[in-house]
Number of protein chains: 2
Amino acid sequence: MGGIFIALIVQKFGGSSVANAERLRNVAQIVSDTYRAGSDVVVVVSAQGDTTDDLIAKAAEIAVKPPKREMDMLLAAGEEISISLLAMAINEAGIPAVSLLGWQAGFQTDSKYGAARIKSIQTDRVHLELSRKHVVIVAGFQGLCKYDDITTLGRGGSDTSAVALAAALHADKCQIFTDVDGVYTADPRKIEGAKKLSAITYDEMLELATLGAQVLNNRSVEMAKKYRVELEVLSSLAGGKVPGTIVKEVVMEKMLVRGVTKDTDTARISVIGVSDVPGVAYQIFSKLAAKGINVDIILQSIGRNGTKDISFTVGIGHANEAKEILGKLDILTNLDVVLDTNVAKVSVVGAGMETHPGTASKMFEALYSEDINIQMIATSEIKISVLIKADAADRAVSAVHRAFFS
Amino acid sequence: MGGIFIALIVQKFGGSSVANAERLRNVAQIVSDTYRAGSDVVVVVSAQGDTTDDLIAKAAEIAVKPPKREMDMLLAAGEEISISLLAMAINEAGIPAVSLLGWQAGFQTDSKYGAARIKSIQTDRVHLELSRKHVVIVAGFQGLCKYDDITTLGRGGSDTSAVALAAALHADKCQIFTDVDGVYTADPRKIEGAKKLSAITYDEMLELATLGAQVLNNRSVEMAKKYRVELEVLSSLAGGKVPGTIVKEVVMEKMLVRGVTKDTDTARISVIGVSDVPGVAYQIFSKLAAKGINVDIILQSIGRNGTKDISFTVGIGHANEAKEILGKLDILTNLDVVLDTNVAKVSVVGAGMETHPGTASKMFEALYSEDINIQMIATSEIKISVLIKADAADRAVSAVHRAFFS
């Protein structure tokens, strides 16, 4: 190319972006515009709309617990349909495009069917197609293990496929197209005055993702951070013309707080009057960890009269199981294990707060002004989370957002 | 296995046999019974019911003429769904089963997308799975070309996949499960007294297939003949318990006539008064061949007064195109090219007739007794075909069948 710099862009489109012929044509337009602007383009696609759910329903008619290997074989058909249809739509738009299954695009995974991890990506075929000036459409979510069996990366895996491929190809940018046009300071459908962020750091995005912003799959952000892949979150409905939110290592304009989120998918478990002897916390949390139950906020009172209180939060889907596990512990015999699912976690996230000690008190003041009681508090270097009653969550987010952004 | 003989059986099930969960369970039962009886079992499956048509409709929404490579990618998803669901159903029946895509089962094809031909089958993976006592479910209709692209064999290709795999594995038998329970002396839904044949030769089956018996794809019978694969045609609805029709090289009990068929998918084209000079037939039929139009029966009258008449039959789908081609030939200028689509071909097939010269006259007598006029006659070593008016076809088949089988 004689010294001319050709940018390589990876674009990822989710299931709703390719749900039908009209949406596919819309995506073809975005891809074609990028190609015509002079970039090499690799596109990673999920299965169309409800395809994955439909295939799961078909399997459920046959078996309660189908072999995971066969589930992966079944589900991988979903992207095979969407990649070939998108390749047709792009060819129809006058741009040469070729579709590749996960294994054809070189995705090698481990053999943990249903939740496989990418081990390596052999990019020869993708490079070959790019050298022929083809747009390359790659099936997200899937790969091949060492037994030559099809594997899937689990739900949300297409984001990870896109970021991993961008890293392997040393792409200049990885654009993740979604239903929203970027990352906001709060949920724009609910909070008046929520602002779109032009840029955000990986760490901030990780905290936001964990806290329920539901924009980007966490694993993909971790991978982007590890391999320094510049991400952009933007809307496929806006035709790719409206700039989204850039996710990268360092963001110049530091804001005190980057966003306010709520997470109602949480439950609190408390045990009152536990013996104040060493090893209690270990016994409780090792048992939960052994069952794969992630614990979020943990609060332990100071021992008094030989007893102490322990509270923690878990994902609501694990709440009953966690309560049962605690009920069987010898050290908790005769103690009440109380489960409260009527709680929500509200958090503020921002790399700026590291150097601004006033953030926490500003948040607490906003909650106090709304007469909202704080049950638990947890902090990290770049976030502050509080647990409150679920029915106060929206009011809390509004008040906190107002305090920081108006 | 210490001298114990383990039979290897390839079983092929078409799209309607695996159309839904209930049908899949029925197929799983047949396969499981075969496995439990002590055989190694390899199963070749088509896409479920209307899946292929649904996928074609999806493509049609996107492009009038989608790239064939992408169509193959799209359609191959159909069998990926059916093989994994069938593997689940067989596992659910308590038998270990594993599904393999065409490329995983080693199907190497040429790169004629949409109508690829099998070049070789690397059976290592299938043998490995069989050695683990797995039932192996293989996606029919598909393979991989030298560019590592997915290819399809064209419609009806699953029969060919099954026979080719049976040949490569040196299977003891290849069972083709269909909606009918065997090959009959005539269409049993229409002809009273039609009898199921217990056995038939490859050549007889080829003639019957060509003539519209619609039981087996012709290419698969040719391949079975070439590699001496013993075929059995039987019904999936009967649970595999009712013996079907065996297709093999030599059938001991020779019958004069093996079956009577009709084919209404035919049209007659006639040109009257063609100059009786050399090269006329060549000019007509080379032009048709160049357009890929197959001509079946050809009839040329003896020259008289410097002219002759030429008639021939073609598939009804090519009739108008053939008429147009003839209309443009210089040697036919000013002559009427007459097309008659109201015709049917009725044939008797049987390896026995080679040595029984009376077959033709017996057939003609039966037609005469019904007052049916014969327009054209064509014969081969093992068949006699006549062209008659379409509305007399059913009556003709009945009369001829009665003459030979009652």
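Trainee: Which strands of chain A does helix α8 lie across?

Mentor: This is a predicted model. In it, α8 (residues 280-290) of chain A lies across β14, β15 and β16 of chain A. Its direction is at about 165° to that of β15(A).

Trainee: And which strands does helix α9 of chain A lie across?

Mentor: Helix α9 (residues 319-327) of chain A lies across β14, β16 and β17 of chain A, at about 15° to β14(A).

Trainee: What is the strand order in the open sheet of 4 strands in chain A?

Mentor: The order is β15-β16-β14-β17, and the pairing is antiparallel. At the edges are β15 (295-300) and β17 (337-340) of chain A, each of which pairs on one side only. From one strand to the next, the twist averages 15°.

Trainee: How many bridges join β14 to β16 in chain A?

Mentor: There are 8 bridges between β14 (residues 266-275) and β16 (residues 307-315) of chain A, and the two strands run antiparallel.

Trainee: Where does the domain assignment divide chain A?

Mentor: Domain 1 of chain A covers 8-253 and domain 2 covers 254-406, according to the domain assignment. Their C-alpha centres lie 33 Å apart. Contacts link 20 residues of domain 1 of chain A with 21 residues of domain 2 of chain A.

Trainee: Which elements give two or more residues to the domain 1 side?

Mentor: They are β10 and α6 (202-213) of chain A. The largest share, 7 residues, comes from α6(A). By class, the domain 1 side has 10 nonpolar, 4 polar and 6 charged residues.

Trainee: How is a pair of packed helices described?

Mentor: By the angle between the axes and the distance between them. In this structure, take α2 (residues 51-62) of chain A and α3(B): the axes come within 9 Å and cross at roughly 25°. Angles under 35 degrees count as roughly parallel, so α2(A) is roughly parallel to α3(B). The crossing is right-handed.

Trainee: Which residues of α2(A) and α3(B) meet?

Mentor: A:Leu55, A:Lys58, A:Ala59 and A:Ile62 in α2(A) meet B:Ile81, B:Leu85, B:Met88, B:Ala89 and B:Glu92 in α3(B). This contact has 7 nonpolar and 2 charged residues, and no polar ones.

Trainee: How many residues of chain B are in contact with chain A?

Mentor: 29 residues of chain B are in contact with 28 residues of chain A. On the chain B side, the elements giving two or more residues are α1 (21-36), α2 (51-62) and α3 (68-92) of chain B. The most come from α3(B), with 15 residues. That side of chain B divides into 18 nonpolar, 4 polar and 7 charged residues.

Technical notes. Residues numbered from 1 in each chain as written. Chains lettered and ligands numbered in written order. Predicted model: local features only at pLDDT ≥ 70, side-chain atom pairs only at ≥ 80, totals over all residues. Contact = placed C-beta atoms within 7 Å. Nonpolar A, V, L, I, M, F, W, Y, C, P; charged D, E, K, R; others polar. Axes fitted to C-alpha atoms, helices over the stretch in contact; angles between N-to-C directions. Parallel < 35°, antiparallel > 145°, perpendicular 65-115°, else oblique. Left-handed = near helix turned anticlockwise from the far one by under 90°. Domains from an automatic or database assignment. Pairing = 2+ DSSP bridges.
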